[in-house]
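Subject: Structure handover

Hi,

Here is the structure I promised to pass on.

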Amino acid sequence: MLKKTIAAALACALLAGAASCSTQPAGNGGGTSNQGGAHPPQSNQNPQKEELEEALGMDLSEYEYVDIAHLQEADMPADPALQLPQSDFFGRIGMEGGLHNLEVISYCVHTGTHMDAPYHVIEEAGGVDTVDPTILIGPACVIRLDVIGSYGITVDDVKAWEEEHGEIQPGEAVLFDTKQDSLWKEDPQEYITNYPYLLPETAQYLVDQGVRYVGCEAISPDTDTTESHKILLGNGVGVVENVCNLSDIPVDRCYTIGTFPNSQGSTGVWVRILAFYR
Ligand SMILES: [Zn+2]
């Protein structure tokens, strides 16, 4: 119940500054909005989507979005210890009377754009199935730092952003736009070797601010320890690695929508996250 209330509050936060948030449907300016609480006009759109928008007071058609998740493919920058996605087809249409194309995809869940579960670094903690499925849905700050390569992000870096853009609010996510993403295709070896990470005190500061999740343009928020992972994940803050395209988000606060398969006991999971703005 509490989680549902929070989700509704976060939906309201999206509208803050763009439109007033009330129980009225959004979109008085057009789109698929309705008048006076009547049902929206019939359309070919999925009625569930319309109902959802009405319930949340959102009309997603009024927003632009940036896809901040990479294409998951067989050739991606990854720690050599991890297995990249491998697709093995065991059925083909027309082969031996087959009606379907069928494959088994095997991969390490810590490749590509993915979210870590607490169990990844904390032995007694829970897997992906214990993570709130709405954790990736809500407002997000985009902290831009021109710090490509090996650099420990400091508390002062975060505070400097806050001075300019306002304090990080409890329930907001933080996406670090560090330009490291430019190396993803350009120099994969450099991407996985020298990257911006979070100093443990910065991770703790984000916990203290009540951050929902942290997204980094790197394989990890740590280098040779798991300290920042433990501080974040141990305090219920999500960790999303290898996010991308953050420099394409033209605003300093956006609203991310994403979720993930509910896989039992998994240490991580691929995620697809969209950053909405207007
Ligand atoms: Zn991971």
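This is a predicted model: local features need pLDDT of at least 70, side-chain atom pairs count only at pLDDT 80 or more; totals for chains, interfaces and linings use all residues.

Let me start with a pair of strands: strand 11 and strand 13 (residues 272-277) run antiparallel and are joined by five bridges. I call two strands paired if DSSP finds at least two bridges between them.

Residues are numbered from 1 along each chain as its sequence is written.

**The whole chain**

The protein chain has seven helices and 13 strands. Of its 278 residues, 37% count as buried. A residue is buried if 20 or more other C-beta atoms lie within 10 Å of its own, exposed if 12 or fewer, and partly exposed in between, with the C-beta atoms placed from the backbone. Taking the contacts with a separation of 6 or more, 73% are between residues 24 or more positions apart. A contact means that the C-beta atoms of two residues, placed from the backbone, lie within 7 Å.

Nine strands make an open sheet with mixed pairing, in the order 1-13-11-5-7-9-10-4-12. At the edges are strand 1 (64-67) and strand 12 (268-270), each of which pairs on one side only. From one strand to the next the twist averages 30 degrees, where axes are lines fitted to C-alpha atoms (for helices over the stretch in contact) and angles run from 0 to 180 degrees between N-to-C directions.

Strand 11 (residues 253-259) also pairs with strand 5 (residues 138-144), in the antiparallel sense over four bridges. There, P139 has Y255 in strand 11 as its bridge partner.

Which way do its residues point? Y213 and G215 point one way from strand 9 (residues 213-216), V214 and C216 point the other way, and all are buried.

Strand 9 has parallel partners. With strand 7 (residues 173-177) there are three bridges, in the parallel sense, and L175 has G215 as its partner in strand 9. With strand 10 (residues 238-241) there are four bridges, again parallel. Along that pairing, Y213 is bridged to G238 and V214 stands opposite V239. Strand 9, helix 7 (residues 227-233) and strand 10 also make a right-handed β-α-β unit; right-handed means that, with the strands pointing away from the viewer, the path from the first strand over the helix to the second runs clockwise.

**The core**

The largest nonpolar core has 58 residues, and A140, V174, L175, Y213, V214 and V243 touch the most other members. Such a core is a set of buried Ala, Val, Leu, Ile, Met, Phe, Trp, Tyr and Cys residues joined through C-beta atoms within 7 Å. Leaving aside neighbours within four places in sequence, the contacts of Y213 include I135, L136, A173 and V237.

**Helix 6**

In helix 6 (residues 200-208), T202, A203 and L206 are buried. Seen down the helix axis, the buried residues of helix 6 fall within an arc of 105 degrees, so they line one face; the arc is that of the directions from the axis to the C-beta atoms. Strand 9, helix 3 and helix 7 are among the elements that cover them. Just after helix 6, G210 takes a positive phi of about 80 degrees.

**Two spots in loops**

E96 has a phi near 55 degrees, a positive value in a residue other than glycine. E96 sits in the loop between strand 2 (86-91) and strand 3 (102-106), and is exposed because 6 other C-beta atoms lie within 10 Å. N245 is also a non-glycine residue with a positive phi, near 65 degrees. N245 lies in the loop between strand 10 and strand 11, and is partly exposed, with 16 other C-beta atoms within 10 Å.

Over to you, and happy browsing!
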